[in-house]
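Hi,

Here is the structure I promised to pass on. Have a look at it first, and then read on for what turned up.

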Amino acid sequence: MSSMTTPFDGLQPHVRPHVDAALRRAGLDAWIPEGPGKWSLPLQFLADGGWVELMRLTPKTKLTLHRHHGEVHGLNLQGQRRLDDGRVIGAGDYVFEPVGNVDSWEAVGDEVLVLHVIVRGDVDYVAADGTVQRHITTADVIAGYRDFCASRGLTPRLAPAA
């Protein structure tokens with residue numbers, strides 16, 4: 001299940017209305033692809049750096065080692081993920097990551113993972129030795145959203161917070 005036919009594929013009934021409302025609010029007709037098995041749906045861009053989004057991952061999709069420049073709040077809406085410390089986070093579970101946290105995790109089980117996440121500050125994807133492989137800023141996330149809208153002939157409705 002690495003692709004989607006509709007934005008609602010694999011979603012439980014209790015998650016669908018939230019995704020539908022988020023799509024309309026953002027002016028989107030689909031989730032934004034971010035790599036094999038991973039999509040995002042922006043909800044808000046934060047004026048002081050960061051963003052709020054829904055993240056969708058198919059089972060067995062991994063988020064590689066990354067470091068947060070700000071705190072992160074994550075609430076699983078559906079599915080499970082296994083953190084690199086071995087904990088399995090299920091639907092309704094919340095995880096706080098402090099500034100500077102370095103971790104990786106994977107969507108596990110048979111169900112699509114949908115995660116509501118608040119990311120403060122930038123994110124670095126890093127190699128095992130700590131070398132930064134990719135640096136992502138709020139401006140990068142906004143540009144990706146606007147580019148996706150442009151590629152589909154859509155008008156972006158979310159603006160950076162003033």
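Which residues make a nonpolar surface patch of about 280 Å²? Leu75, Tyr94 and Phe96 do. Patches here consist of residues with over 30% relative accessible area and no salt bridge, with like charges joined within 9 Å and nonpolar side chains (Val, Leu, Ile, Met, Phe, Trp, Tyr) within 5 Å. A salt bridge is a side-chain nitrogen of Lys or Arg within 4 Å of a carboxyl oxygen of Asp or Glu. Areas come from the Shrake-Rupley method with a 1.4 Å probe, and for residues only the protein chains shown count as cover.

Before going further, please keep in mind that this is a predicted model: local features need pLDDT of at least 70 and side-chain atom pairs count only at pLDDT 80 or more, while totals for chains, interfaces and linings use all residues. Residues are numbered from 1 along each chain as its sequence is written, and side-chain values use heavy atoms, leaving out hydrogens and water.

Strands (E, at least two residues) and helices (H or I, at least four) are DSSP runs, numbered from the N terminus. With a relative accessible area of 31%, leucine 75 is partly exposed; that label lies between buried (under 20%) and exposed (over 50%), using a 1.4 Å probe and protein chains only.

Next, the rings. The count of aromatic pairs is one, where rings of Phe, Tyr and Trp (its six-membered ring) pair if their centres lie within 6.5 Å, with planes under 30 degrees apart called stacked, over 60 edge-to-face and the rest tilted. Phenylalanine 45 and tyrosine 145 form this tilted pair, at 5.7 Å centre to centre and 50 degrees between the planes. It links distant parts of the chain, 100 residues apart: phenylalanine 45 belongs to strand E2 (residues 38-45) and tyrosine 145 to helix H2 (residues 138-151). Phenylalanine 45 is buried at 1% relative accessible area, and tyrosine 145 is buried at 1% as well.

Two arginines also lie over ring faces. Arginine 56 is over tryptophan 39, 4.7 Å from the ring centre, and arginine 81 is over tryptophan 105, at 4.7 Å. The rule asks for NZ of Lys or CZ of Arg within 6 Å of the ring centre and within 35 degrees of the ring normal.

Finally, a backbone detail: lysine 60, a residue other than glycine, has a positive phi near 80 degrees. Lysine 60 is in the loop between strand E3 (50-57) and strand E4 (62-68), and is exposed at 69% relative accessibility.

Best wishes
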